Amino acid sequence: MFKKRIINKIFNEAIKSSKTLNEEYETMRVRNAKHIIETHQMMNQKRNEFQKHKEEIETAFRFIRSK
């Protein structure tokens, strides 16, 4: 009887630990996904800014050459 209680206690603690680890893993996974999305958005924004700047410079050079 005493052994069974100890085994049940260990088993219950293992289940609780497993649930906690699963929750922490899920939180970490969501946080990482959010970070990746933010990084992609920032890269796209920088690419768009660079493209706009490049077009402005090309337009300026075309204007200068046409004179």
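Arg29 is partly exposed, with a relative accessible area of 43%. I started from this residue, keeping in mind that the model is predicted. Looking up its place, I found Arg29 in helix α1.

**Entry: the partner of Arg29**

Which residue forms a salt bridge with Arg29? I found Glu26, and the closest N and O atoms of the pair are 2.8 Å apart. That sits within the 4 Å cut-off for a salt bridge. A reminder to myself: side chains of opposite charge can pair when their charged atoms come close. Both Glu26 and Arg29 belong to helix α1, and they are three residues apart, about one turn of the helix. I checked the cover on Glu26 too: it is partly exposed, at a relative accessible area of 35%. Because buried means under 20% and exposed over 50%, the 35% of Glu26 and the 43% of Arg29 both count as partly exposed. I then asked how many salt bridges the count gives. The count comes to one.

**Entry: charges along the chain**

I looked up the charges next and noted 16 positive and 9 negative ones in the chain. Their mean positions are 6 Å apart.

**Entry: the fold as a whole**

The C-alpha trace spans about 100 × 10 × 5 Å along its principal axes. For a distance check I took Arg29 and Phe11, which are 18 residues apart along the chain; their C-alpha atoms are separated by 27 Å.

**Entry: surface and burial**

I looked for buried residues, and they make up 0% of the 67 in the chain. The accessible surface comes to about 6900 Å², with 61% of it belonging to carbon and sulfur atoms.

**Entry: a nonpolar patch**

Which residues form a nonpolar patch on the surface? My list reads Ile57, Phe61, Phe63 and Ile64, which together have about 410 Å² of accessible area. Ile57 is partly exposed, with a relative accessible area of 37%.

Technical notes
Residues numbered from 1 in each chain as written. Predicted model: local features only at pLDDT ≥ 70, side-chain atom pairs only at ≥ 80, totals over all residues. Heavy atoms only, no water. Patch = residues over 30% accessible without salt bridge, like charges linked within 9 Å, V, L, I, M, F, W, Y side chains within 5 Å. Areas by Shrake-Rupley, 256 points an atom, 1.4 Å probe, with all protein chains shown as cover. Salt bridge = Lys/Arg side-chain N within 4 Å of Asp/Glu carboxyl O. Buried < 20%, exposed > 50% of the residue type's maximum accessible area, 1.4 Å probe, protein only. Lys, Arg positive; Asp, Glu negative; His and termini not counted. Charge placed at Lys NZ, Arg CZ, Asp CG, Glu CD. Helix = DSSP H or I, 4+ residues; strand = E, 2+ residues; numbered from the N terminus.
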